Amino acid sequence: MDWENTALATQAIRVGQLRTEFGSHAEPIFTTSSFVFDSAEQAAARFSGEQPGCIYSRFTNPTVAAFEQRLAALEGAEHCVATASGMSAVLTLCLALLKQGDAVVCSRSVFGSTATLMNQIVAKFGVSVHWVDLIDFARWQEVVSEVKPVFLFVESPSNPLSEIADIQQLADLAHQNDSLLVVDNCFCTPVAQRPLQLGADIIIHSATKFIEGQGRIIGGALCGSAQLMESMFAIVRSAGPSMSPFNAWVALKGMETLAIRMQAQSAAALTLALWLREQVGVKRVYYSGLPDHPYHALAARQQSVSGAPIFGAVLAFEVEGGQAKAWSLMNQLEIFSITANLGDVKSTITHPITTTHHKLSPEDKLRAGITEGLLRISVGLEAVADLQEDLLRGLSA
Ligand SMILES: *Cc1c(COP(=O)(O)O)cnc(C)c1O
């Protein structure tokens, strides 16, 4: 079957199907560290690469390969390399592409650990790391043409304010300067946004979030051309930040419901965003699905893989009364979980300034709009009416 011509929802369920001789309908989990060979000759042929096939689960495992095939299909990528976590995908990217004396340019609004990894680990090896505001394209042009980075690294939409970068524009800028564009596509997933089609070269995923969707595992991946993924695979093979077969299996099961989850969670987020801004005590709501969000039109255009735009399940809102009010709201909630995770079918809430973004300097917090009263929620699949009632409990406390 040529899955390429089927819809994303079909690919998410059918690509990478594995069947053993027992004909199991669900994909089997190959929990084995190594694979046996029929003969010494076969072992030699496998190691030399002359014969394809499994050798050792650090770099060849059928369940992990099924996960890679499925995610590559969804992203429209030639290849995918699975990793132990989203962060090990970013690390693999850096180890594969960077050497002493190189430069990278990174959006200021990336995941906190990505910023720490770049500043404290990658920089230690003699790579210069430059930071630019996601939406300040003139500054991207200036810095990129000046430092000629190996890659530009962005996350769009940004967390937590849902700012949107024009991926095509950044890809063009990267290519004019012999650089690559790397996009962390964790918040959108390929259901909402396909960065390779917009010109990006490499996609980073934390499979921990929407890809798996039920908060059960840690996992990550890189997607891109066969050539670029070959260099990522070489790092995973030799350095070992590999995805476990069990986690690959859980993520495979998660992907089967990805399309319908993203649609439903995004629709619920829009309903909540519209409702929240009518509530007493709410100063402002940040969600690109709101028609008056400054990047609404760009988000609608860029995040419309299968017709209707999907603005995502993450939104932020600012309450009057600063941290005291934000904390008392959170502490009244009985449905929302207070946790930093997102992309789960369980709705979650977090206070960025004291958790995910606490490491930012006061001026970076100000610049990023992270105020004391700001709360971020990731909308799950509970009934919206129940979520509203829960939030009202917090708002009226
Ligand atoms: C969670 C997250 C990561 C890191 O992924 P882990 O699986 O937790 O290592 C990277 N980028 C974004 C946008 C994330 O939300």
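This is a predicted model: local features need pLDDT of at least 70, side-chain atom pairs count only at pLDDT 80 or more; totals for chains, interfaces and linings use all residues.
**Exercise 1.** Identify the helices and strands that each supply at least two residues of the lining of the largest pocket, then describe that pocket.

*Solution.* Step 1: the elements that meet this condition are the helices α1 (8-14), α3 (62-75) and α9 (226-239), together with the strand β1 (79-83).

Step 1: the space in the largest pocket amounts to about 1,000 Å³. Its lining comprises 42 residues, and Ala 65, Glu 68, Gln 69, His 79 and Cys 80 are the closest to the pocket centre.

Step 2: sorted by class, the lining of the largest pocket holds 20 nonpolar, 13 polar and 9 charged residues.

**Exercise 2.** Determine which element gives the most to the lining of the second largest pocket.

*Solution.* Step 1: the volume of the second largest pocket is about 840 Å³. Among its 35 lining residues, Arg 108, Val 110, Gly 112, His 357 and Leu 360 lie nearest the centre.

Step 1: α5 (112-122) and α14 (362-367) each supply at least two residues of this lining.

Step 2: α5 gives the most, with 6 residues.

Step 3: the class division for the second largest pocket is 13 nonpolar, 14 polar and 8 charged residues.

**Exercise 3.** State how many cavities of 30 Å³ or more are counted, and characterise the lining of the largest cavity.

*Solution.* Step 1: the count is 1 cavity at this cut-off. The largest cavity has a volume of about 60 Å³.

Step 1: its lining residues include Pro 157, Ser 158, Pro 160, Phe 187, Cys 188 and Phe 311.

Step 2: the lining of the largest cavity consists of 7 nonpolar and 3 polar residues, with no charged residue.

Conventions:
Residues are numbered from 1 along each chain as its sequence is written. Side-chain values use heavy atoms; hydrogens and water are left out. On a 1 Å grid over the protein atoms alone, a cavity is a set of points where a 1.4 Å probe fits but cannot get out, and a pocket is an open set with protein on both sides within 12 Å along at least five of seven lines; lining residues have an atom within 4 Å of a point. Grid points are joined across faces, edges and corners, and a volume is the space filled by probe spheres set on the points. Helices (H or I, at least four residues) and strands (E, at least two) are DSSP runs, numbered from the N terminus. Ala, Val, Leu, Ile, Met, Phe, Trp, Tyr, Cys and Pro count as nonpolar, Asp, Glu, Lys and Arg as charged, and the others, Gly among them, as polar.
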